[in-house]
Amino acid sequence: MANDIKDIAHAVDAAGVMRLFASPPRVLALGEPTHGVDAPLLLRNALFRQLVEREGYRTIAIESDSVAGLLVDSYVTTGSGTLDEAMGRGFSHGFGASAANRELVDWMRAFNEGRPSGDRVRFAGFDGPLEMAYAASPREALTSLHRFLGGHVDPDLLPCTAGTLDRLLGADDRWTDTAAMLDPSASFGRSAEAGRLRLLADDLGALLDAWTPHLIAVASRDAFDRALMYARAASGLLRYHYWMADTSPSRLARLTGLRDQMMAGNLLALAERGPVLAHAHNGHLQRDISSLLMGGRRLEWWSAGAVAEARLGEGYGFLATAFGTLRHQGVGVPPPETLEGALYALPEESCLVDAAELAAVLGAPGPVPRTSPYFGYAPLDPAHLARVDGVVFMKDVPEDRRTPPTP
């Protein structure tokens with residue numbers, strides 16, 4: 001079997017990826033099975049560089065705060081600010097500490113130097129303004145949307161004043177209380193103020209839609225797209241905070257689904273602008289329903305990738321990454337009867353395999369699922385192979401010499 005797999009294994013490069021598709025996908029998503037190690041991100045960087053340079057992709061989107069990501073996009077497209085500022089304030093989940101992410105941003109800035117604005121590669125976060133331990137205040141998204149509309153339409157059309165928004169929002173720390181992630185009673189999401197803000201966010205978004213022709217004419221399409229992103233972030237955050245206060249057994253499943261709903265909305269909006277390269281955890285990008293054990297319960301929700309694929313069809317492509325070993329987290333050599341075990345027999349340190357060809361070589365009944373002793377690493381489910389376009393395999397993933405970011 002090892003020789004059969006060797007015959008279908010290729011280098012992880014743009015040419016190999018493009019062979020998987022009849023035409024370049026509008027959204028080409030590369031997943032990873034864990035967070036916090038740079039080796040797969042360095043491989044991502046090399047692949048994305050080739051896809052930008054040879055295939056014309058002009059947006060790179062990663063699993064990070066969409067609002068904060070505007071700072072990174074401004075840096076890579078115009079040189080505004082500094083690299084340190086972009087890394088320090090433009091990422092969520094601690095991803096700004098990654099040397100590989102820093103390399104990516106630095107390369108994007110260098111690539112764009114001297115290029116016309118329409119040919120520059122753009123950066124985007126496509127996650128909501130969320131962290132594992134809390135959800136952000138909707139202040140920045142709401143006030144930025146209000147400010148944009150106030151500068152371009154009759155102020156009498158606005159549903160409220162900036163002062164009213166500020167009063168209703170109050171102190172940001174009442175939105176970001178970490179206790180609310182596990183204790184619904186600590187959430188501010190079902191307060192009278194939050195309820196009023198949800199209605200105002202809806203009215204501001206409706207006003208943005210209604211005045212689209214005028215706003216694009218007097219501002220710019222880019223400024224209008226940013227305002228749309230603020231509207232999605234504001235409504236998504238307020239909805240997320242509302243359900244953080246829920247006491248039903250479905251609370252955590254709903255929250256995970258709402259997060260991926262925000263991700264999908266951002267991905268689809270980016271795809272309207274042009275072809276997108278996306279990077280996130282496999283669980284956020286897969287076509288199958290996602291699941292997670294949390295608090296003793298099995299949570300299920302549809303991932304951002306599944307939602308995007310439902311809308312884009314063949315315009316969505318998904319490459320899943322799998323690891324052989326992650327020794328510093330106790331993940332040793334995979335058993336030979338697993339999918340990772342079959343790939344581990346190859347001599348290459350990394351390779352790309354057509355998922356359909358791999359499934360054919362492995363045959364029925366197929367490999368057994370691998371189990372991981374480390375909760376932060378999710379092996380590739382063999383049952384998903386039929387709905388994956390390609391598998392990127394990394395044989396031995398080394399530890400970084402830094403503190404890993406929050407998963």
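The model is predicted. It holds 20 salt bridges and zero disulfides. Helices α11 and α12 pack with their axes 10 Å apart, and one residue of α12, R259, also forms a salt bridge with D127.

**Salt bridge between D127 and R259**

- The side chains of D127 and R259 form a salt bridge, with an N to O distance of 2.6 Å.
- D127 belongs to strand β4 (residues 122-127) and R259 to helix α12 (residues 251-273), so the pair links distant parts of the chain, 132 residues apart.
- D127 is buried, because its relative accessible area is 0% and the cut-off for buried is under 20%.
- R259 also counts as buried, at 15% relative accessibility.

**Salt bridge between R287 and E309**

- In the pair R287 and E309, the closest N and O atoms are 3.9 Å apart, and the two residues form a salt bridge.
- R287 is buried, with a relative accessible area of 16%.
- E309 is partly exposed, with a relative accessible area of 27%.

**Other salt bridges**

- R298 and E300 meet through their side chains in a salt bridge of 3.6 Å, N to O.
- R298 is exposed, because its relative accessibility is 55% and the cut-off for exposed is over 50%.
- E300 is partly exposed, with a relative accessible area of 43%.
- A network of salt bridges links D73, R122, D222 and R226.

**Packing of α11 and α12**

- Helix α11 (residues 221-244) packs with α12 at an angle of about 175°.
- The two helices are therefore roughly antiparallel.
- By class, the contact has nine nonpolar, three polar and eight charged residues.

**Helix α4 and its surroundings**

- Helix α4 (residues 69-78) has the buried residues G69, V72, D73, Y75, V76 and T77.
- These buried residues pack against β3 (59-65), α5 (83-89), α6 (99-112) and β4.
- G79 follows α4, and its phi is positive, near 80°.

**Cysteines**

- A disulfide is a covalent bond between the sulfur atoms of two cysteines.
- The structure holds zero disulfides.
- C160 is buried, with a relative accessible area of 10%.
- C351 is buried too, at 2% relative accessibility.

**Start of the chain**

- D4 lies in helix α1 (residues 2-8).
- D4 is partly exposed, with a relative accessible area of 43%.
- From C-alpha to C-alpha, D4 and S372 are 26 Å apart in space, and they are 368 residues apart in sequence.

Key. Residues are numbered from 1 along each chain as its sequence is written. This is a predicted model: local features need pLDDT of at least 70, side-chain atom pairs count only at pLDDT 80 or more; totals for chains, interfaces and linings use all residues. Side-chain values use heavy atoms; hydrogens and water are left out. A disulfide is a pair of cysteine sulfur atoms within 2.5 Å. Buried means under 20% relative accessible area, exposed over 50%, partly exposed in between (1.4 Å probe, protein chains only). A salt bridge is a side-chain nitrogen of Lys or Arg within 4 Å of a carboxyl oxygen of Asp or Glu. Helices (H or I, at least four residues) and strands (E, at least two) are DSSP runs, numbered from the N terminus. Axes are lines fitted to C-alpha atoms, for helices over the stretch in contact, and angles run from 0 to 180 degrees between N-to-C directions. Angles under 35 degrees count as roughly parallel, over 145 as roughly antiparallel, 65 to 115 as roughly perpendicular and the rest as oblique. Ala, Val, Leu, Ile, Met, Phe, Trp, Tyr, Cys and Pro count as nonpolar, Asp, Glu, Lys and Arg as charged, and the others, Gly among them, as polar. Contact means heavy atoms within 4.5 Å.
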